[in-house]
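I am keeping these entries as I look things up, one topic after another.

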Amino acid sequence: MFWNGLDAAPVDLPLLPEDTEGSALGINDAGIIVGFSSHDASSEKGVVWRVFVDENGDVSFVDEPVPLPPLDGDTRTAGLDLTELIDGSFQVSGNSRGEAGTPFGPAEAVVWTIGVNPDGMLATPPAPADLGTLGLSDPSNSYGNAINVFGDACGSSDGMPYVAPAGQTAQPLPVPRNTHSGLAFDINDLGEIVGGLTILTKGGAYAPSYAYLWKDGDAIDLKTQIDRKSGWGSLWNANAINNAGIIAGRGRFDVESRGFLLIPNEP
């Protein structure tokens, strides 16, 4: 669905032919939206929509949704995040998965670079760039959760967080000792990354989750950045970060599960 403002009625985003359901997962300032369209669990196809809103608030679509092509031999894709439209093109991060005949096969993080024609129509996306995996398991998987304006992407591979600088493949992010698993959710234009880690306690009997920030090569437990008397017992995941360093996530306040917003102190 697409909403043109908080009080606007939702507008259906069209699906690919024969599909019955879909999800919209990201939008940029040009009204370009990414997500996926499907008719069952094995048919998921990443798609891109472009929405226009006229001076009367009426919503229209430039074209039918444009499918995101998979890597050679794969059958499924998903678009998870996208950049702003700059100089006639934008990038989408996401996944390609499923070898021929195995639609639930290993996933690989990918990036599509897509042009916009002079008439505003979306150009046919070329084959995506493969970000690879960390190779920590067999089969090895990776997921492209986010991408910034420079084409730096982040996500998870084999249960661990990674960053893929523009034009490069997945590289592991630093994690503390006894890290059991983790993922990177978002990356801003400064290269700052947020996510969550699950870290084993002594003896490995329990593995709580912690919200983390990766900045200037360091892995920072966000709980260490707030007042101990703030009322927050835990910060579990950091899901988004903007270019001002403001972080949104989820944790426990008093005895309740709540969303949080972390705003950096002035220098």
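**Entry on proline 14.** I looked up proline 14 and found it in the segment before β1, in a model that is predicted. Is proline 14 buried or partly exposed? I note it as partly exposed, because its relative accessibility is 21% and buried means under 20%. When I leave aside neighbours within four places in sequence, I find proline 14 in contact with Trp49, Phe61, Glu64 and Pro65. For one of these, phenylalanine 61, I also looked up the separation from proline 14, which is 47 residues in sequence and 8.8 Å in space, C-alpha to C-alpha.

**Entry on proline 10.** I find proline 10, too, in the segment before β1. Proline 10 counts as partly exposed because its relative accessibility is 42%. Which residues does proline 10 contact, once neighbours within four places in sequence are left aside? I wrote down Met1, Phe2 and Trp3.

**Entry on serine 38.** I moved on to strand β2, where serine 38 lies. Serine 38 counts as buried, because its relative accessibility is 2%. Leaving aside neighbours within four places in sequence, I list Asp19, Thr20, Glu21, Ser43 and Glu44 as the contacts of serine 38.

**Entry on the nonpolar cores.** How many residues does the largest nonpolar core have? I find 15, and those with the most contacts inside this core are Ile32, Val48, Phe90, Val92, Ile114 and Leu122. The strands β2 (32-38), β7 (89-99) and β8 (102-115) each supply at least two residues of this core, and β8 gives the most, with three residues. Apart from this core I find another one, of twelve residues, with Val194, Leu235, Ala238 and Ile241 among them.

I then looked up isoleucine 32 by itself, not counting residues up to four places away in sequence, and found that it touches Gly26, Ile27, Val48, Trp49, Arg50, Leu82, Phe90, Val116 and Leu122.

Rolling a probe the size of a water molecule over the atoms shows where empty space is left. I find one cavity of 30 Å³ or more in the structure, and the largest cavity has a volume of about 40 Å³. Which residues line the largest cavity? I wrote down Val48, Trp49, Arg50, Val62, Asp63, Glu64, Val66 and Leu122, and I sort this lining into five nonpolar residues, no polar ones and three charged ones. Strand β3 (residues 45-53) gives the most to the lining, with three residues. Two names come back from the core entry, for Val48 and Leu122 are listed both in this lining and among the residues with the most contacts inside the largest nonpolar core.

**Entry on the pockets.** I find that the largest pocket has a volume of about 370 Å³ and is lined by 14 residues, of which Gln225, Leu262, Ile263, Pro264 and Asn265 lie nearest its centre. I sort the lining of the largest pocket into nine nonpolar, three polar and two charged residues.

The second largest pocket has a volume of about 320 Å³. It is lined by 19 residues, and Asp81, Leu82, Glu84, Ile147 and Ile187 lie nearest its centre. I find that β1 (21-27), β6 (74-82) and β14 (179-187) each supply at least two residues of this lining, which divides into eight nonpolar, seven polar and four charged.

**Entry on the open sheet.** In what order do the strands of the open sheet of four strands stand? I read the order as β10-β11-β12-β13, with antiparallel pairing, and the edge strands, each pairing on one side only, are β10 (142-147) and β13 (171-172). Five bridges join β10 to strand β11 (residues 153-157), and I find isoleucine 147 opposite alanine 153 in β11.

**Entry on the hairpin.** Last, I looked up strands β16 (residues 209-215) and β17 (residues 218-221), which run antiparallel and are joined by four bridges. Leucine 213 has isoleucine 220 in β17 as its bridge partner. The two strands form a hairpin with two residues between them, and in the turn I find aspartate 216 with a positive phi of about 55°.

Note on methods: Residues are numbered from 1 along each chain as its sequence is written. This is a predicted model: local features need pLDDT of at least 70, side-chain atom pairs count only at pLDDT 80 or more; totals for chains, interfaces and linings use all residues. Side-chain values use heavy atoms; hydrogens and water are left out. On a 1 Å grid over the protein atoms alone, a cavity is a set of points where a 1.4 Å probe fits but cannot get out, and a pocket is an open set with protein on both sides within 12 Å along at least five of seven lines; lining residues have an atom within 4 Å of a point. Grid points are joined across faces, edges and corners, and a volume is the space filled by probe spheres set on the points. Ala, Val, Leu, Ile, Met, Phe, Trp, Tyr, Cys and Pro count as nonpolar, Asp, Glu, Lys and Arg as charged, and the others, Gly among them, as polar. Two strands pair if DSSP finds at least two bridges between them. A nonpolar core is a set of buried Ala, Val, Leu, Ile, Met, Phe, Trp, Tyr and Cys residues joined through side-chain atoms within 4.5 Å. Buried means under 20% relative accessible area, exposed over 50%, partly exposed in between (1.4 Å probe, protein chains only). Contact means heavy atoms within 4.5 Å.
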